[in-house]
Amino acid sequence: MYGIHPQDVQPFWQRLSCQLRHHGVTGVEEQLIWPSDLLQHWRDPNMLLSQTCGFPLVTSLRQQVQLVGVLGYQSPYCTGPYYRSLVVVRENEEGQRLADFRHRIVTYNSTDSQSGYNALRALIAPLAVNGGFFSRGLVSGGHYQSIEMIQQGQADIAAIDCVSFALLQRAKPTAVAGLKIIALTEAAPGLPLITSLSTSQEQLLRIRQAITATVNSPTSTSAKNKLLIGTFTVLPWTAYDVISQMQKKAFALGVTTV
């Protein structure tokens, strides 16, 4: 789910796929698959290993997949396996707080995004009046597109996944120039790695061992750094309850959209 370009993930996958085979995991593909229909892909009974977003995990995918674990990323806004979103606006805006952007135009990557939508909805909920805060919302299709829309004046504000922001800032500093951070969303477990319900417990254990070995191997350092990967942690399903609670908090305050 991360990387400026798809090829950015390939070096890490090469090392991980070797470790998967070394640990006896069967059905490992030679090449990464980039599905067009993510929800169908995540629900595929033959899906061995994938990465999803925490919001679909607790809504569309609950009791339909197994949780493998979560990668921790090297961002100043990450704490171990937990991450936040950065609420960004144009640097020349007079407003310095979220409350200053009432009745402005918000953009978000998609309505099934934890970082771009659900976390932001929970953040604005206490500030909303009659269930609303922004004047309108625009779907961008991706965090990087949201940033472009703000810079081009098509929108005023967005919540950007801190890992996506860090990757873009490193790869192309000019791409985030002219922006400022005015708020942070509540921390939540990062994007979970998942496997199908048909994956055996023995296979699941071997997958976890292979990921751990890859993340801890010195030979993976370059591949990890390319994606800002730092750690791998096995979390229980209950760790992701905070995401459901964000949604409930917003709904309880009458806020169903951003």
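**Close-up views of a predicted model**

**View 1. Four strands form an open, antiparallel sheet in the order β1-β10-β2-β11.** The edge strands, each pairing on one side only, are β1 (50-51) and β11 (229-233). Strands here are DSSP runs of E with at least two residues, helices are runs of H or I with at least four, and both are numbered from the N terminus. Two strands pair if DSSP finds at least two bridges between them. This is a predicted model: local features need pLDDT of at least 70, side-chain atom pairs count only at pLDDT 80 or more, and totals for chains, interfaces and linings use all residues. Residues are numbered from 1 along each chain as its sequence is written, and side-chain values use heavy atoms, with hydrogens and water left out.

**View 2. Strand β10 (residues 192-196) pairs with β1 and with β2.** Two antiparallel bridges link β1 and β10. Q51 has L193 of β10 as its bridge partner. Between β2 and β10 there are five bridges, again antiparallel. Here G69 stands opposite L193. Five of the five residues of β10 are buried, so the strand is largely enclosed by the rest of the structure. Buried means under 20% relative accessible area, exposed over 50%, and partly exposed in between (1.4 Å probe, protein chains only).

**View 3. Strand β2 (residues 65-73) runs antiparallel to β11.** Four bridges join the two.

**View 4. L71 and Y73 belong to the largest nonpolar core.** A nonpolar core is a set of buried Ala, Val, Leu, Ile, Met, Phe, Trp, Tyr and Cys residues joined through side-chain atoms within 4.5 Å. Not counting residues up to four places away in sequence, L71 touches Q51, L193, I211, V215, I229, T231 and F232. Contact means heavy atoms within 4.5 Å. Another core, of 20 residues, lies apart from the largest one; F101, L120, F133 and A250 are among its members.

**View 5. β5, helix α4 (residues 114-124) and β6 make a right-handed β-α-β unit.** Right-handed means that, with the strands pointing away from the viewer, the path from the first strand over the helix to the second runs clockwise. Strands β5 (residues 105-108) and β6 (residues 136-139) pair in the parallel sense over four bridges. I105 stands opposite R136 in β6.

**View 6. Helix α9 covers residues 241-252.** Its 12 residues reach 16 Å from first C-alpha to last, close to the expected 16 Å. That expected span is 1.5 Å times one less than the number of residues. V242, I243, S244, M246, Q247 and A250 are buried in α9. Their cover includes α3 (54-58), α4 and β9 (188-189). Just after the helix, G254 takes a positive phi of about 80°.

**View 7. S220 sits in the loop between α7 (201-216) and α8 (221-227).** S220 counts as buried because its relative accessibility is 2%. Leaving aside neighbours within four places in sequence, S220 contacts R15 and T214.

**View 8. The model has zero disulfides.** A disulfide is a pair of cysteine sulfur atoms within 2.5 Å. For C53, the nearest cysteine sulfur is that of C162, 13 Å away. C53 is buried, at 9% relative accessibility. The sulfur of C162 is 3.6 Å from the closest cysteine sulfur, in C78, which is too far for a bond. C162 is also buried, with a relative accessible area of 1%.
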